[in-house]
Amino acid sequence: MDLSRHNYQISMRWTGNRGEGTTGYRSYGREHIISAAGLPDIAGTADPTFHGDAQRWNPEQLLLAALSQCHMLSYLHMAVKHSLVVTSYADHASGTLKLNYDGSGQFTEVTLRPAVGLQDESQRELADALHAQANKVCFIARSVNFTVHHEPVIPSSGK
């Protein structure tokens, strides 16, 4: 068994045909369903700017979520390796998408703002430093061609 390779499968189905197909830019919906075996479906769409439904996830949000999740999981791994006891973790991430004149676009940067709760607050410097190490091993961050910034914040008490 080769543990160095992992394959993933999803299915995606467009549900936005309003009866006219793609006869015009405004004639079709951007709604779609993302599914994978054994998991709940994800209702997807385009960003509302591009005629999507604000009540559904768009690809840009899903990319941001993937980066945030991957960083957290990599960070928690690094915490264990460095005997840092994390008691809570939350992130409020943001990203910038640049549109080009030819209709294409790409993310230019993402900023993660992890709020890491610690059992021992005297280890805050180590906790903050581990974000760089987590970024180096995060599969998703290593796969994108834009910078992923980290701005750690100290969680407010009571959260």
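Lys and Arg count here as positive, Asp and Glu as negative; His and the chain ends are left out. On that basis the chain carries 13 positive and 15 negative charges. The model is a predicted one.

## Fold pattern

The chain holds 2 helices and 8 strands. Their order along the sequence is β-β-β-α-β-β-β-β-α-β. The radius of gyration is 19 Å, whereas the globule rule gives 15 Å for 159 residues, so the chain is more spread out than a compact globule.

The C-alpha trace spans about 60 × 40 × 35 Å along its principal axes.

## Domains

Two domains are assigned: domain 1 covers 11–50 and domain 2 covers 59–150. Their C-alpha centres lie 28 Å apart. Domain 1 gives 4 residues to the contact between them, and domain 2 gives 4 residues.

## Burial and surface

Of the 159 residues in the chain, 29% are buried.

## Contacts along the sequence

Consider contacts in the chain between residues at least 6 apart in sequence. Of these, 49% join residues at least 24 apart. A contact here means heavy atoms within 4.5 Å.

Key. Residues numbered from 1 in each chain as written. Predicted model: local features only at pLDDT ≥ 70, side-chain atom pairs only at ≥ 80, totals over all residues. Heavy atoms only, no water. Helix = DSSP H or I, 4+ residues; strand = E, 2+ residues; numbered from the N terminus. Rg over C-alpha atoms; globule rule 2.2 N^0.38 Å. Buried < 20%, exposed > 50% of the residue type's maximum accessible area, 1.4 Å probe, protein only. Charge placed at Lys NZ, Arg CZ, Asp CG, Glu CD. Domains from an automatic or database assignment.
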